[in-house]
Structure formats: structure tokens, C-alpha cells
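Me: Please go through this model with me, one question at a time.
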Amino acid sequence: MATGFISLLFSLLSLLFFGISSFAKPIPSFPSSIIQAEKISLSTPNELYHEKFFTQVLDHYTFRPQSYKTFQQRYLINDKYWGGAEKNAPIFLYTGNEGDIEWFAQNTGFIFDIAPHFKPLLVFIEHRFYGKSMPFGGNKEVAYSNSSTLGYLTSTQALADYATLIIDLKKNLSATDSPVVVFGGSYGGMLAAWFRLKYPHVAIGALASSSPILNFENITSPYSFNNIITQDFRGESENCYKVIKRSWQEIEDTASQPGGLEILRSSFRICRNSMSASSLQSWLYTALVYTAMTDYPTPSNFLNPMPAYPVKEMCKAIDDPKTGNKTFAKLYGAASVYYNYSGNATCFNHDDDSDPHGLGGWSWQACTEMILPTSGNNKDSIFPASEWNYDDRASFCKAYFGVEPRPNWITAEFGGHDIKRVLKRFGSNIIFFNGLRDPWSGGGVLENISSSIVAIIAKQGAHHVDLRFATSEDPKWLQDVRKREVSIIAKWLSEYYDDLDPAY
């Protein structure tokens with residue numbers, strides 16, 4: 001984001017495996033709970049932002065006594081570049097994702113990079129039920145305790161939070177005429193696009209990066225996600241693709257033999273705790289999915305420390321002639337690109353369910369409204385053939401949370417079907433960026449909808465690569481993407497100021 005997109009493996013939801021052919025795998029989400037925030041050199045801890053809190057109402061949509069309860073919602077603010085309220089200087093608002101807002105702020109360098117040009121006030125609002133923005137007295141155990149409390153964790157409540165907070169902030173700063181532009185990547189990108197559509201009186205435009213707003217039932221094929229991952233690897237090396245594709249059965253066959261689990265443990269340097277074929281397969285699946293998502297053209301540390309073009313590096317490891325025909329040695333080398341590029345890990349713990357970025361709430365969202373079908377695999381998939389099965393998801397959600405998912409609610413609330421025809425009639429000022437190497441791009445807006453709802457596509461782009469901090473090593477195509485985004489945002493602001501004061 002620089003999330004997304006995110007949303008992951010060992011978060012609460014991602015530990016819940018559903019049968020896929022002969023092995024089980026996690027439900028894809030956006031960020032990973034075993035990741036570390038990208039390291040940024042700051043001269044002081046508060047160089048990027050200052051932490052503040054806003055007293056937020058629990059329920060924006062009903063008027064029961066419980067609705068009037070409040071909680072402290074965290075937001076981060078940077079006024080270093082702001083031109084000031086008296087000049088109606090803009091406000092750039094980041095719509096927080098499913099985790100700690102500081103992690104997203106530290107990985108959304110694009111906003112900071114362009115701040116000297118636009119002179120905006122920078123605001124990052126944390127999503128309710130994540131990070132420090134915990135209802136019910138700030139007690140996470142209480143907030144996450146049951147469906148009655150978690151029922152207030154919805155995208156619509158989050159959007160209303162953002163609108164309420166930014167309106168109040170503008171009033172307090174005497175900046176009611178300062179235009180607001182919203183930014184977001186991955187789930188945050190979905191929120192940015194929806195915010196512009198739902199609150200056009202608050203935001204004049206939105207940059208929605210890698211936002212799969214069409215990745216819902218009966219719109220995007222459930223085969224799309226893994227088809228893109230397959231093409232990412234197969235496009236690098238046919239041998240790489242074939243080795244990975246046959247490995248799932250080889251792992252199963254080895255595990256079924258006497259002493260087979262010990263062979264797998266030794267081959268993949270798995271720590272001395274519980275070990276199974278399915279946990280190993282899920283571990284490998286995660287590495288492949290998130291490497292494809294973050295196949296950035298420069299080194300990154302958004303998920304884990306990884307080199308530039310990590311898919312290419314994985315395939316180099318698999319194609320390395322020194323490993324001969326040893327499938328497991330090849331796979332270990334590939335997985336190490338994702339899990340151990342720094343070389344510091346001595347073994348890998350499949351039972352690690354730590355959640356340092358506070359992403360566990362995504363399990364609730366993925367069991368209620370964020371039903372994103374992604375698990376279909378055709379015969380050519382790099383993963384075993386399978387079909388998306390809604391009933392599996394529904395059964396788990398009913399057993400775990402006591403709720404039935406509402407797979408059609410998001411499209412009823414925000415739209416999605418016939419989006420080009422619908423948004424052309426009333427929408428405006430949205431940039432949809434998608435990198436086509438990102439598996440979530442299959443559920444993104446890939447064509448211009450109108451002259452002001454623009455799709456920017458990068459064939460070599462990965463998950464919200466445009467929102468990362470710029471570097472001197474960025475390829476020209478990425479520089480051009482950002483230049484185009486800046487130009488469009490500048491146009492929105494110019495038109496706003498012209499309407500505000502024709503003599504501006």
C-alpha cells in the first residue's frame with residue numbers, strides 16, 4: 001500500500017483452511033499478520049505524522065441507546081506541507097485498511113512524495129476495530145468477543161467514521177472549503193472508491209489502487225485470482241511452473257510414507273512442532289500468492305524482505321541446475337525468497353499465529369460482507385484443480401461466529417454489476433490503478449468508465465505498487481503511472497478551485 005492488499009496467512013481467518021482438491025489452503029486476504037512494516041529512516045519518530053484521537057460514535061445508522069456509545073478513533077496527521085486553511089489548501093485523506101494505521105502510513109510513500117507539490121494536510125484514519133481504534137472501552141477482547149460486538153465492524157460504518165471525522169476536523173481547522181482527495185490501496189482502495197461514491201460532498205476525488213471492487217459473486221470469475229498467479233510464474237519459466245504444479249502431489253505422497261513427515265520437515269527446515277502435509281502446502285501457497293501480489297520492480301519489505309522481481313527470483317531458485325531433480329530442494333529455495341531472503345531464519349514455525357499488526361478482525365469481515373471468491377483452479381492452474389464453494393465458507397462462518405455471510409450485500413450497497421453503464425451516469429473523479437501481475441487485478445476496474453473515472457493499467461505492475469515510496473531505481477513505466485496520477489489529481493483540484501472562485 002503502499003497497501004494491500006493486501007490482507008495475512010496466520011491471522012485468525014487465514015488459519016481456517018478449506019479443502020481444495022487434495023490439500024487445504026487459506027482464504028486469501030489482503031495483508032499478512034506475519035509481515036513487518038517497511039523500514040523507513042526517520043530522523044525523529046514523528047517525522048511522518050503525529051498521532052491523534054477522535055471521539056467516534058459506535059453506530060451511525062440506528063438510534064438505539066447502544067448506538068450512542070463512543071470510542072476513541074485514532075488518526076495520524078502531518079501538517080508539514082499544508083498551505084493552510086486561509087488558502088483553502090487541500091486535504092489528502094487515506095482511508096485506513098484492516099490493520100494498524102501506522103503500518104499503512106509507513107508504506108504509502110506516494111502521498112508524502114507528492115505533498116511538496118500540492119501542499120496538502122495529510123490525514124490517515126484508522127479503521128474501526130483495528131489498531132488502537134477499538135470500541136467497547138478500547139478492550140479488544142470485549143470488542144472481538146461475539147457477533148453482537150463485532151456486528152459494528154462493517155465497511156459502511158467505517159466510511160461513515162471517515163466522513164464524520166474529516167468533516168469535524170475541517171470545521172475545527174476553519175478549513176471547510178479545503179478540498180478532500182481520498183487515497184487507498186487494496187481494501188483501503190475499495191473504501192476510497194466507495195467513499196467518493198457515497199460521500200461526494202466530502203471528497204472531490206479518489207485514487208483507488210489495486211481495489212478489487214468487482215471481485216464478488218456473479219461478476220468476477222473465482223478462477224481469475226489463481227489464473228493470474230499461474231501466469232506470473234509460467235511467464236517466467238515453464239519448468240518453474242511445472243515443478244510447482246507437480247509438487248503438491250509429491251508432498252502428499254511423501255507424507256503418506258513411513259517417516260515421510262520427517263523427510264518434509266528436514267527438506268523445508270520446519271521447526272520441531274506440529275507438522276502435516278496440509279500445513280506445509282498452505283505455507284508454500286502463501287509464499288506463492290504474496291510473492292505474486294508484491295512482485296515489485298525494486299527491493300521491498302512490505303510483507304517480508306524481498307528482492308526486486310521476487311517471482312523471477314523464485315523461478316531462478318527452482319531452475320537452479322545445482323538442485324538437479326530434487327523437487328523439495330527447489331521449492332525450499334523458492335520459498336526462502338519470500339520467507340528468508342535476509343537469511344536470518346534457522347527454521348520455520350507453521351504454528352505461529354502472532355498478529356503484530358492487529359489484522360484479526362478481517363476474519364469477521366470475510367464472514368459477513370467481504371465474500372471475495374478466489375479459490376477456483378482449472379486444470380492448467382499452478383495449484384490443484386478445485387472449485388469455489390460458497391457453502392464451505394458459510395458453514396465455517398456459521399460454526400465460528402454464528403452468522404450467515406451476505407455475499408450479495410456489497411454489490412447491493414455499493415454497486416458493481418454493469419459498473420461502466422451505472423457509474424457513467426452519476427460517478428466522477430476516480431482513478432483505478434491496477435498492476436496486471438497482481439492476482440487481485442482480475443476483480444479491478446480495467447477500463448475507463450468515463451473521462452473522469454479512469455483506469456490506469458500497468459502490465460508489469462503488482463499490488464498497489466504506485467503507492468510505494470518512489471526510488472531512483474523505479475522503472476519508467478512506474479514513473480509514468482505516478483506522473484499521470486499527479487496530473488489527474490491536479491486537474492480535479494484546479495476544477496474545484498475554479499468552481500469555488502472563478503478568479504482563483
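**Backbone and domain contact**

Reply: Lys119 is placed in the loop between α2 (109-118) and β6 (121-125), where helices (H or I, at least four residues) and strands (E, at least two) are DSSP runs numbered from the N terminus. This is a predicted model, in which local features need pLDDT of at least 70 and side-chain atom pairs count only at pLDDT 80 or more, while totals for chains, interfaces and linings use all residues. Residues are numbered from 1 along each chain as its sequence is written, and side-chain values use heavy atoms, with hydrogens and water left out.

Me: Is Lys119 buried, partly exposed or exposed?
Reply: Buried means under 20% relative accessible area, exposed over 50%, and partly exposed in between (1.4 Å probe, protein chains only). Lys119 has 44% relative accessibility, so the class is partly exposed.

Me: What is the phi of Lys119?
Reply: Most residues other than glycine have a negative phi. Lys119 is not a glycine, yet its phi is positive, at about 55°.

Me: In which loop is Arg269 found?
Reply: Arg269 also has a positive phi, near 55°, without being glycine. With 38% relative accessibility, Arg269 counts as partly exposed. Its loop is the one between α9 (260-268) and α10 (277-293).

Me: How far apart are the centres of domain 1 and domain 2?
Reply: The protein chain is divided into domain 1 (50-217 + 410-500) and domain 2 (223-340), with bounds from an automatic or database domain assignment. Taken over C-alpha atoms, the separation of their centres is 34 Å.

Me: What area is buried between domain 1 and domain 2?
Reply: Buried area is the accessible area (1.4 Å probe) that two parts lose on being put together, summed over both. Carbon and sulfur atoms give 60% of the area between these domains, and the total is about 1,600 Å².

Me: With which residue does Asp295 form a salt bridge?
Reply: A salt bridge is a side-chain nitrogen of Lys or Arg within 4 Å of a carboxyl oxygen of Asp or Glu. Between domain 1 and domain 2 the count is two. For Asp295, the closest N and O atoms are 2.7 Å apart, and the partner is Arg437.
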